[in-house]
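Subject: Structure handover and notes

Dear colleague,

Please find the structure below, followed by my notes on what was found in it.

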Amino acid sequence: MDDRRRPARLVSRPGGQAMNAIIALLRPQQWLKNGFVLIGLIFSHGWTNSALVFGVAVGFVAFCLASSAVYVLNDYHDRAADAAHPKKRYRPIASGRVGLPTARALIVVLAGGALGLPLASGLWPVALAVVAYLLLNIAYTLRLKHKVLVDVFCIAAGFMLRLACGTYAVGILPSRWMLLCSFMLTLFLGFAKRRAEIVAIPEGALALQGSTRVVLRHYSPQLLDNLVAITASASLLTYGLYTVDAETAALHGTEHLVLTLPIVTFGVFRYLHLLYKGGSGEEPGRDLLADNQIRIAVLAWVAVVVLLVGT
């Protein structure tokens, strides 16, 4: 057959492969976590204040840049261990798809952008929150992620810094119950993640010796089951107290937000079902978006809140 008659084949361009590897390294799918920056604006009805909207938007973008810088730093630091891991060896740095000089440049550019954006906008408190987040995660990457319990509390602290960036840093005073609920919810997701990771290891304690997450050696499924149950219960309790709080009723103009509690309860129970029966939990952001029932619960919660609160 004449070569000229052969069907054309799509050839992947090296430049395209490199860009795809860099995008994978930045993990934009994890930017969903930075939605915590938006919580204060939404629950304070601050969306009509253009200055608040601008400040929160800057904080959200800054934390997207900062979190990507942290992911690159983590993969750069753990590249040797990741290369020996059956799944993590395919990560861009561990597999060699992104070179070390490129990774170092990305860390500098992303961290610089995360700090430069709020400073250029005159939002010093937002920049301070970003600095605290970066310092926390540098300590986490280098040492704290190997400390049992401290590792999950560091993860929760990162979320609370996001929440502080979207509230205190731009002049919004959050509800105390919102703060407590957010704290317990992030602990719940963190301990659920650790449980999913430890259960996914096929050969028990011996396999942990070769795990890239050394801290798992100090956890047990039984301990994590208890921690997940405690934090899940506390999350629902504090959310319920938030909905019936007098300040919440005065702010939103309704005493019926407690009607959303069954929806939130279902969402938490559904996540527990996925954790214990569906093998989920290692990637909370992905799992929350992938499950149809959780998506329906989120939409139902939004619809009920809009119906109760209005504009």
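This is a predicted model: local features need pLDDT of at least 70, side-chain atom pairs count only at pLDDT 80 or more; totals for chains, interfaces and linings use all residues.

Residues are numbered from 1 along each chain as its sequence is written, and side-chain values use heavy atoms, with hydrogens and water left out.

On the α2 side F36, V37, I39 and G40 meet F159, R162, L163 and C165 of α7, contact meaning heavy atoms within 4.5 Å. By class, this contact of α2 with α7 has six nonpolar residues, one polar and one charged; here Ala, Val, Leu, Ile, Met, Phe, Trp, Tyr, Cys and Pro count as nonpolar, Asp, Glu, Lys and Arg as charged, and the others, Gly among them, as polar.

A second pair is formed by helix α8 (residues 176-200) and α10, which pack at an angle of about 155 degrees with their axes 8 Å apart. The helices α8 and α10 are therefore roughly antiparallel to each other, and α8 passes α10 in a left-handed crossing. The contact of α8 with α10 has, by class, 20 nonpolar, three polar and three charged residues. I230 is found in helix α10 (residues 221-244) and counts as exposed, because its relative accessibility is 53%; buried means under 20% relative accessible area, exposed over 50% and partly exposed in between, with a 1.4 Å probe and protein chains only. Between I230 and F188 there are 8.1 Å in space, C-alpha to C-alpha, and 42 residues in sequence.

As for the chain as a whole, it has 14 helices and zero strands, where helices (H or I, at least four residues) and strands (E, at least two) are DSSP runs numbered from the N terminus. Buried residues make up 45% of the 311 residues, and among contacts between residues at least 6 apart in sequence, 70% join residues at least 24 apart.

Two loop residues deserve a mention. R27, in the loop between α1 (14-26) and α2, has a phi near 50 degrees and is buried, with a relative accessible area of 14%. H45, in the loop between α2 and α3 (50-77), has a phi near 60 degrees, likewise a positive value in a residue other than glycine. Most residues other than glycine have a negative phi.

Finally, the unreviewed UniProt entry carries the annotation "transmembrane region" for several spans, including residues 31-47 and 53-73; such annotations may be inferred rather than shown by experiment. Residues 31-47 are 47% helix and 0% strand, with end C-alpha atoms 21 Å apart, whereas residues 53-73 are 100% helix and 0% strand, with end C-alpha atoms 30 Å apart.

Methods
Axes are lines fitted to C-alpha atoms, for helices over the stretch in contact, and angles run from 0 to 180 degrees between N-to-C directions. Angles under 35 degrees count as roughly parallel, over 145 as roughly antiparallel, 65 to 115 as roughly perpendicular and the rest as oblique. A crossing is left-handed if the near helix is turned anticlockwise from the far one by less than a right angle, and right-handed if clockwise.
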